[in-house]
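Please look over the sequence and the fold shown below before reading on. The report then takes up a strand, its sheet and a pocket in turn.

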Amino acid sequence: IYEIFNHFDALLTDYSSVSFDYLYLDRPIGYTLDDFEEYGRSRGFPMDNPLDYMPGHHIYTYDDFIKFVADISEKIDEYSSERERVRNEVGMPEGGNCYQQLLEFLGIN
């Protein structure tokens with residue numbers, strides 16, 4: 001799936017870690033959260049306040065989904081600064097150059 005990410009205008013996902021990978025592209029993300037409470041009770045989340053790490057449309061209903069699709073089609077992106085905040089919080093360098101940081105850490109640079 002990573003090979004085709006660059007061809008997506010946006011990502012629609014649930015609680016998958018793929019959303020963190022997609023953050024590198026700085027494109028809109030919609031999170032399907034219709035079972036958020038149930039999922040939290042049954043499986044739990046790896047962090048407190050998981051919604052704070054979902055920088056995009058929070059989709060609970062069909063109308064929320066329609067709003068997400070409409071915003072994508074109209075190139076409306078209200079969550080760019082939120083994506084940047086999450087990338088910074090989880091240690092994703094701007095521009096997706098984490099390989100450079102790894103090389104520096106390993107002393108190979």
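## A residue in a strand

In which strand does T13 lie? In this predicted model, T13 belongs to strand β1, which covers residues 11-13. Is T13 buried or exposed? Its relative accessibility is 9%, and because buried means under 20% relative accessible area, T13 counts as buried.

When neighbours within four places in sequence are left aside, T13 is in contact with V18, S19, I29, G30, Y31 and T32.

## The sheet around it

Strand β1 is part of an open sheet of three strands, which follow the order β1-β2-β3 with parallel pairing. The edge strands are β1 and β3, the latter made of residues 57-59, and each of them pairs on one side only. On average, and with direction ignored, neighbouring strands of this sheet are turned by 20° against each other.

Strand β2 takes in residues 29-32 and runs parallel to β1, to which it is joined by three bridges. Within this pairing, L12 stands opposite G30 in β2.

Helix α3, formed by residues 62-73, lies across β1, β2 and β3, and it runs at about 150° to β3.

## The largest pocket

How much space lies in the largest pocket? The computed value is about 160 Å³. Its lining consists of 14 residues, and of these Y15, F20, F45, M47 and M54 lie nearest the centre of the pocket. Sorted by class, the lining has 10 nonpolar residues, three polar residues and one charged residue.

Conventions. Residues are numbered from 1 along each chain as its sequence is written. This is a predicted model: local features need pLDDT of at least 70, side-chain atom pairs count only at pLDDT 80 or more; totals for chains, interfaces and linings use all residues. Side-chain values use heavy atoms; hydrogens and water are left out. Helices (H or I, at least four residues) and strands (E, at least two) are DSSP runs, numbered from the N terminus. Buried means under 20% relative accessible area, exposed over 50%, partly exposed in between (1.4 Å probe, protein chains only). Contact means heavy atoms within 4.5 Å. Two strands pair if DSSP finds at least two bridges between them. Axes are lines fitted to C-alpha atoms, for helices over the stretch in contact, and angles run from 0 to 180 degrees between N-to-C directions. On a 1 Å grid over the protein atoms alone, a cavity is a set of points where a 1.4 Å probe fits but cannot get out, and a pocket is an open set with protein on both sides within 12 Å along at least five of seven lines; lining residues have an atom within 4 Å of a point. Grid points are joined across faces, edges and corners, and a volume is the space filled by probe spheres set on the points. Ala, Val, Leu, Ile, Met, Phe, Trp, Tyr, Cys and Pro count as nonpolar, Asp, Glu, Lys and Arg as charged, and the others, Gly among them, as polar.
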